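Here are a few exercises to work through with the model open beside you. Try each task before reading its solution.

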Amino acid sequence: QVQLVESAGGLVQAGGPLRLFCVASRTIFSVSAPLDMAWYCQSPGKQRELVALITSSGSTDYASSVKGRFTMSRQNSRKAVYLQMNSLKPEDTAVYYCHVEKSDDWGQGTQVTVSS
């Protein structure tokens with residue numbers, strides 16, 4: 001099991017940037033136990049949905065709604081993954097969760113609010 005702690009989100013104006021990070025309790029990309037990591041978001045009344053994914057080999061994939069605006073990266077030495085969010089829109093407002101794919105390991109969630 002991996003414990004995940006996310007950075008604080010925040011309130012940002014539309015068009016602005018915000019960077020989230022998530023720190024894991026152990027190395028998340030070790031050769032012996034490679035892990036795919038992801039960011040999900042959940043808005044009130046909606047299901048949690050995938051925002052971005054990074055595999056143990058460094059490949060990334062993004063929801064169509066954020067492609068070109070969000071970038072996910074990882075830094076194994078710091079046991080961390082990052083989500084750089086640019087050109088934020090009010091519809092990006094949600095609670096964002098860090099997740100180890102194919103596991104029950106989730107971060108506590110962090111609120112991101114984008115004002116128009």
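## Exercise 1: the overall fold

The protein chain has ten strands and zero helices, where helices (H or I, at least four residues) and strands (E, at least two) are DSSP runs numbered from the N terminus. This is a predicted model, in which local features need pLDDT of at least 70 and side-chain atom pairs count only at pLDDT 80 or more, while totals for chains, interfaces and linings use all residues. Residues are numbered from 1 along each chain as its sequence is written, and side-chain values use heavy atoms, with hydrogens and water left out.

**Solution.** 
- Step 1: The C-alpha trace spans about 45 × 25 × 20 Å along its principal axes.
- Step 2: Of the 116 residues, 42% count as buried (under 20% relative accessible area; exposed is over 50%, partly exposed in between; 1.4 Å probe, protein chains only).

## Exercise 2: the cysteines

**Task.** Find which cysteines the disulfide joins, and say where Cys41 stands.

**Solution.** 
- Step 1: The structure holds one disulfide, meaning a pair of cysteine sulfur atoms within 2.5 Å.
- Step 2: Cys22 and Cys98 are the partners, with S to S at 2.2 Å.
- Step 3: The torsion about their S-S bond is about -85°, so this disulfide is left-handed.
- Step 4: Because Cys22 sits in strand S3 (residues 18-24) and Cys98 in strand S9 (residues 94-100), the pair ties together parts 76 residues apart in sequence.
- Step 5: Both Cys22 and Cys98 are buried.
- Step 6: Cys41 is in no disulfide, and the nearest cysteine sulfur, that of Cys98, is 14 Å away. Cys41 counts as buried because its relative accessibility is 9%.

## Exercise 3: a residue on strand S2

**Task.** Is Gln13 buried or exposed, and which residues does Gln13 contact beyond its neighbours within four places in sequence?

**Solution.** 
- Step 1: Locate Gln13 in strand S2 (residues 10-13).
- Step 2: Its relative accessibility is 61%, so Gln13 counts as exposed.
- Step 3: Leaving those sequence neighbours aside, Gln13 is in contact with Val114 and Ser115, contact being heavy atoms within 4.5 Å.
- Step 4: Gln13 and Ser115 are 102 residues apart along the chain, yet their C-alpha atoms are separated by 4.8 Å.
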